[in-house]
Amino acid sequence: MAGDVSIDPWSSSQSTDYNRIIEQFGLEMVDYSVLPNPHMLHRRGIVFAHRDLNLILDAHSSGNPFGVLTGLMPSGRMHLGHKMVIDQVKWFQEQGADVSIAVADLEAHATRGLSLDECRRVALEEYVANYAALGLDVENTSVYFQSTRPVVQRLGFTLGKRTNLSEFEAIYGFKGETNLAHVQAPLVQAGDILHPQLDEYGGLRPIVVPVGVDQDPHLRLTRGLASKTNWFNVKASKSGGLVIGLSVQDENSQALGVGADGKIDKSLRQSVFDKLSAILSGIGFSDIRSNPKHGSIEIPAATSRDRDLIRPELLKLERSMGGLGLLQPSSTYHQFAIGMTGDKMSSSRPETTIFLTEDVQVMEKKVKSSFSGGQPTLEEHRRLGGNPDVDVAFQYLRYFFEDDDKALAEVESGYRSGEILTGQMKQICIDKASEYLNHLGEMRQQTAHIVDDFLAADARL
Ligand code: TRP
């Protein structure tokens, strides 16, 4: 379609047309008023969209387990953009989520040429050390390496069967010359995202992945892969209500009552339908219209909300019959803070961001020379006011350093009115950032002794 936005997780440029992204990729807007204890990133509209977040919120409000997963590329220094993801992970953890963190060492090895040993060192020294300092709860956080968790690789490998090069071309824009590491990495990442639901890793429960919009292609891929493995689908029925359909595949045809000759084994098929009916009446439906021969069940009274109740039960049944029973992951999307120079933040260009281990004086220099929304002269600034929307110092207060909404609103209106000058705005940012970096440095020292405790058993040497 003409004028479509495309999202490329490997690109150095990014679309910031967030409304278009929501519309084009079918994301839903986050309504922070329904969130328990909304974080400043929610209150400020920075975490702006989601897929299936309601599964997480429902689990939270009914006291059922849920998890959060993220991954890190162990190939550079941890900066403010990475911190924002961990802020969200921590928030989910505080609401009761268990936390899994993938060190994407296979991805970094394949796409950036780092040795696995180097990846390990970077992951621990740069990332996990800061996670500890940022206050992730060590009791409830499990960091693992892609390279030492075979089930993640196996899942990625077997899921590969559910997609093809055309889909990769459509999702990622791959061409004939695309390196195959870029085909493998998203499959392993799908393994990362889906494996916490496996019985050995906590069992069936909703898992949310907080990401920047650049990672949405991976989520679209993963959601598609998960649903393609499902043995039972629940859809809106044309005649109203919901309909459950069997998805007969090579792996499950026997279990679903299809014989080697393609003929339906009636009694086996009936026993599957008896189980489905038992599930539905257990949930409370009485009008259940089974059509075993056709492989479908109509539930005329079911609403789209009921789908969330029915689906996990079908996944459990699938597991009991030998299937994977994978639930599509939930996800949330955050907007990106502008880089300090006015374009994208990137660890390979230190002038565009602040590292969590940044020296305060270096930070000060970066803020002083950062892109500003002030007017060229003092006179004009007083008269016309500054533009906080593009002002790095203000935006960094908003995204990272000022958690008090009232204080932030005052600085914003003072800048807009011209009362606060560019130099003053930068100084406010510098003061807050210094406080932040100093505190974080102290926390790093205090938590240095627990860094290794964040590692899962299969991540220890
Ligand atoms: N590909 C991600 C990145 O480039 C890293 C990653 C690996 C990841 N596995 C993940 C992110 C799972 C989120 C979820 O940063």
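In the predicted model, a polar side-chain atom of Glu107 lies 3.0 Å from a nitrogen atom of the ligand, a polar contact being a pair of N or O atoms within 3.5 Å. A polar side-chain atom of Asp192 is placed 2.8 Å from a ligand nitrogen atom, and an N or O atom in the side chain of Gln189 is likewise 2.8 Å from a nitrogen atom of the ligand. The ligand taken alone exposes 360 Å², of which the protein buries 87% (Shrake-Rupley method, 1.4 Å probe). Local features require pLDDT of at least 70 in this predicted model, and side-chain atom pairs count only at pLDDT 80 or more, whereas totals for chains, interfaces and linings use all residues. Residues are numbered from 1 along each chain as its sequence is written, and side-chain values use heavy atoms, with hydrogens and water left out.

The shell around the ligand (residues with a heavy atom within 4 Å) includes Leu69, Gly71, Met73, Ala104 and Val209. Its largest share, three residues, comes from α9; β3 (67–72) and α9 (181–194) are the elements that give two or more residues (DSSP runs, helices of at least four residues and strands of at least two).

Two cavities of 30 Å³ or more are counted, a cavity being a set of points on a 1 Å grid over the protein atoms alone where a 1.4 Å probe fits but cannot get out, with lining residues having an atom within 4 Å of a point. Helix α3 gives the most to the lining of the largest cavity, with three residues.

Methods
A polar contact is a pair of N or O atoms within 3.5 Å; within protein, one must be able to donate a hydrogen and the other to accept it, and residues adjacent in sequence count only if both atoms are side-chain atoms. On a 1 Å grid over the protein atoms alone, a cavity is a set of points where a 1.4 Å probe fits but cannot get out, and a pocket is an open set with protein on both sides within 12 Å along at least five of seven lines; lining residues have an atom within 4 Å of a point. Grid points are joined across faces, edges and corners, and a volume is the space filled by probe spheres set on the points.
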